[in-house]
Amino acid sequence: MAEWLKRLLKRNREQQAFCTAVVPAAGSSTRMGGQDKILLTLGDVPVLMHTLRALDSCPRIQEIVVVTREDLIVPISQLCREGGFTKIKSVVVGGASRAESVLRGIREASEEAELIAIHDGARPLVSQAVLDEVIRKAEECGAAAPAVPVKDTIKQAVGGIVERTPDRSELFAVQTPQVFDGALIRGALAKALEEGAALTDDCSAVERIGMKVSLTGGDYTNLKITTPEDLVLAEALLEWREKL
Ligand SMILES: Nc1ccn([C@@H]2O[C@H](COP(=O)(O)OP(=O)(O)OP(=O)(O)O)[C@@H](O)[C@H]2O)c(=O)n1
Ligand SMILES: C[C@](O)(CO)[C@H](O)COP(=O)(O)O
């Protein structure tokens with residue numbers, strides 16, 4: 001039986017698992033036109049400041065590892081100091097792909113970390129409810145991710161010609177944090193990278209080795225800042241949330 005599964009079965013239900021949040025923030029913001037999106041202002045602080053505030057104030061998270069590009073180590077470390085956070089363990093240099101950045105972050109986690117919660121630096125509006133539900137689920141079954149049902153009808157097309165229309169009731173847009181048993185995600189990501197797999201999320205690494213991933217409740221407001229209009233939407237959502 002895999003070590004992580006043995007640990008999961010043995011875990012004392014009364015005791016909460018130690019959870020490290022790994023925050024990949026080492027991308028190049030190509031779809032944003034090359035402006036480092038994690039440093040763009042949302043409300044009155046950078047996007048990454050919102051993300052770290054949400055993670056730092058989550059009682060289920062014990063430590064945070066931020067992964068960024070070498071040329072951003074100085075400004076990101078400064079942002080981490082100025083934010084007055086209490087859980088940031090380190091700021092480390094990422095890799096050429098998101099998966100490489102994540103794996104570098106995981107390798108910085110404390111030995112006692114049982115769970116790893118991987119959350120995009122570019123998802124600033126994650127709620128405490130989303131965080132709490134997905135961490136609980138991963139603690140119970142080893143791998144979980146928040147998702148929302150897709151609202152559009154999705155077409156699969158090749159060369160501009162529709163090949164099929166998948167049944168929408170089975171389609172979900174997956175978000176972060178994606179939360180896993182530490183040994184499970186470390187092994188799965190290392191294997192995927194070794195085999196040259198191109199991953200767009202961390203669950204895919206776990207799916208590739210035949211493990212099940214549970215979906216939990218996501219939130220349409222937990223958007224990822226990807227293209228310029230996402231920042232406009234995030235501003236509006238932030239204002240709306242402050243009025244609630
Ligand atoms: N080599 C990489 C690539 C991405 N990321 C991070 O992964 C998250 C999600 O990735 P994405 O939105 O694709 O960010 P970018 O790679 O920056 O965007 P683009 O693909 O438009 O260049 C972001 O917080 C990004 O900083 C990372 O840490 N390391
Ligand atoms: C991990 C992710 O946020 C899940 O939605 C996303 O896939 C990562 O970014 P990308 O836009 O797919 O590169």
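Within helix α4 (98-106), the buried residues are Ala99, Ser101, Val102, Leu103, Gly105 and Ile106, a residue being termed buried if 20 or more other C-beta atoms, placed from the backbone, lie within 10 Å of its own, exposed if 12 or fewer do, and partly exposed in between. The model is a predicted one, in which local features need pLDDT of at least 70 and side-chain atom pairs count only at pLDDT 80 or more, whereas totals for chains, interfaces and linings use all residues. Residues are numbered from 1 along each chain as its sequence is written, with chains lettered from A and ligands numbered from 1 in the order in which they are written. Helices (H or I, at least four residues) and strands (E, at least two) are DSSP runs numbered from the N terminus.

The cover over the buried residues of α4 includes β1, β4 (63-68), β5 (88-93), β6, α6 and α7 (203-208), where contact requires that the C-beta atoms of two residues, placed from the backbone, lie within 7 Å. The packing of α4 with helix α6 (residues 182-194) is at an angle of about 145 degrees, and their axes are 10 Å apart; axes here are lines fitted to C-alpha atoms, for helices over the stretch in contact, and angles run from 0 to 180 degrees between N-to-C directions. To this contact α4 contributes Ala99, Glu100, Val102, Leu103 and Ile106, while α6 contributes Ile185, Arg186, Leu189, Ala190, Ala192 and Leu193. By class, the residues of this contact comprise nine nonpolar, no polar and two charged, with Ala, Val, Leu, Ile, Met, Phe, Trp, Tyr, Cys and Pro counted as nonpolar, Asp, Glu, Lys and Arg as charged, and the others, Gly among them, as polar. Arg186, in helix α6, counts as buried because it has 20 C-beta neighbours inside 10 Å.

In total, 22 residues surround ligand 1, the closest being Pro24, Gly27, Thr30, Arg31 and Ser101; a residue is near a molecule or strand if its C-beta atom, placed from the backbone, lies within 6 Å of it. This shell divides into eight nonpolar, 10 polar and four charged residues. In the loop between β1 and β2 (41-42) lies Ser29, a residue other than glycine with a positive phi, near 55 degrees, and Ser29 counts as partly exposed because it has 17 C-beta neighbours inside 10 Å.

Around ligand 2 are found Asp120, Val174, Gln175, Thr176, Thr200, Asp201, Lys224 and Thr226, of which one is nonpolar, four are polar and three are charged. Thr176 is joined to Pro177 by a cis peptide bond, with omega about 10 degrees, and Pro177 is placed in the loop between β10 (172-174) and β11.

The buried residues of α5, namely Val130, Leu131, Val134, Ile135, Lys137, Ala138 and Glu139, pack against β1, β6 (115-118), β7 (143-149), β11 (178-181) and β12 (214-217). After α5 comes Gly142, with a positive phi near 95 degrees.
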